[in-house]
Amino acid sequence: MTETQAGRVVLVTGANRGIGRAIAESFVAAGDRVATIYRSGDLPEGVFGVVGDVTSSEAVDEAFTTIEKELGPVNVLVANAGITRDQLLMRMTDDEFEQVIDVNLTGTFRCVRRASKAMIKARGGRIIMISSVVGLYGGPGQVNYAASKAGLVGMARSITRELGGRGITANVVAPGFIETAMTDALPEETQKKYKATIPAGRFAQSHEVAAAVRFLASDEASYISGAVIPVDGGLGMGH
Ligand code: NDP
């Protein structure tokens, strides 16, 4: 880590569990000041948490204000909070579609919009959105989820065009299968079947996603913007 990066304020949404937790832990380990907007659960050591829901613009605004008072303006935003409500197209309800869009896409928009204020003032900032291989590859039963995750690509690229001249980068990380409680719970045969489709032959660890996020937030990635970085063991390959 270079000196200019030390002590940055990094906000990771949904850092209480899963990939968000691993991302937050890795920024703490790198010496950054880390905050989260989270709904429930406990947080990793060293993470300043404000309870809030990304489906509420007011909650997002209040959480940012509290974080700014406590740690200072947010230099790096990692929009990680996300949900699935898988269902076959014919059976998918408006609610199932809209809830997923509201958290994954609009929730990210709410956080990015609020973060951009201070970033524009500071003439610098890093925005990293956690998408999914499914965003560009598609997935049966995931019309809502894939649409929300593909939407992040258009969002990051539009932010790049709008704010790229102000030292702000916006990128997307697209994980494939990650070893979590969810993938652990899959029957061994199903896991085998999935792994056979992944060139790497295995699922990823959360820290492998965190490493890509940290790179995009680093000084070394200053000229990368509007990119989609897959962390999927070769599953998507450009899709
Ligand atoms: P988890 O379900 O383990 O965690 C999701 C996190 O998002 C939780 O902290 C959850 O909070 C939070 N969250 C959900 N809704 C809201 C909300 N309305 N407001 C605030 N926080 C919210 O998921 P993962 O760690 O597996 O996934 C993290 C991200 O990575 C997601 O965007 C997901 O789509 C993406 N991803 C995951 C993959 C995987 O294999 N796991 C693969 C590709 C992408 P709470 O604990 O309160 O529910």
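Q: How many helices and strands does the chain have?
A: This model is predicted, and its secondary structure comprises both helices and strands. The count for the chain is eight helices and seven strands.

Q: What is the mean pLDDT of the chain, the predictor's confidence?
A: Of the residues in the chain, 97% reach a pLDDT of 70 or more. Confidence is highest in strand 4 (residues 76–79), at 99, and lowest in helix 6 (residues 181–184), at a mean of 80. For the chain, the mean pLDDT is 95.

Q: What radius of gyration does the chain have, and why does it agree with a compact globule?
A: The C-alpha trace spans about 50 × 35 × 35 Å along its principal axes. A compact globule with 239 residues would have a radius of gyration near 18 Å, and the value for the chain agrees with this because it is 17 Å.

Q: What percentage of the 239 residues in the chain is buried?
A: A residue counts as buried when its relative accessible area is under 20%. The chain exposes about 11,800 Å², of which carbon and sulfur atoms supply 53%. Buried residues make up 48% of the 239 residues.

Q: Among contacts between residues at least 6 apart in sequence, what percentage joins residues at least 24 apart?
A: A contact requires heavy atoms within 4.5 Å. Among contacts in the chain between residues at least 6 apart in sequence, the share that joins residues at least 24 apart is 69%.

Q: How far apart do the centres of the positive and negative side chains lie?
A: The chain has 24 positive side chains and 26 negative ones. The centres of these two sets lie apart by 5 Å.

Q: Is Asn144 buried or exposed?
A: Asn144 lies in helix 5 (residues 143–163). Leaving aside neighbours within four places in sequence, Asn144 is in contact with several residues, including Arg85, Met92 and Phe97. Its relative accessible area is 0%, so Asn144 is buried.

Q: How far apart in space are Asn144 and Thr84, C-alpha to C-alpha?
A: In sequence, Asn144 and Thr84 are 60 residues apart. In space, their C-alpha to C-alpha separation is 8.1 Å.

Q: Is Arg123 buried or exposed?
A: Arg123 is found in the loop between helix 3 (94–122) and strand 5 (125–130). Phi of Arg123 is near 50 degrees, a positive value in a residue other than glycine. The cut-off for an exposed residue is over 50% relative accessible area. Arg123 has 53%, and therefore Arg123 is exposed.

How values were computed. Residues numbered from 1 in each chain as written. Heavy atoms only, no water. Helix = DSSP H or I, 4+ residues; strand = E, 2+ residues; numbered from the N terminus. Rg over C-alpha atoms; globule rule 2.2 N^0.38 Å. Buried < 20%, exposed > 50% of the residue type's maximum accessible area, 1.4 Å probe, protein only. Areas by Shrake-Rupley, 256 points an atom, 1.4 Å probe, with all protein chains shown as cover. Lys, Arg positive; Asp, Glu negative; His and termini not counted. Charge placed at Lys NZ, Arg CZ, Asp CG, Glu CD. pLDDT = per-residue confidence, 0-100.
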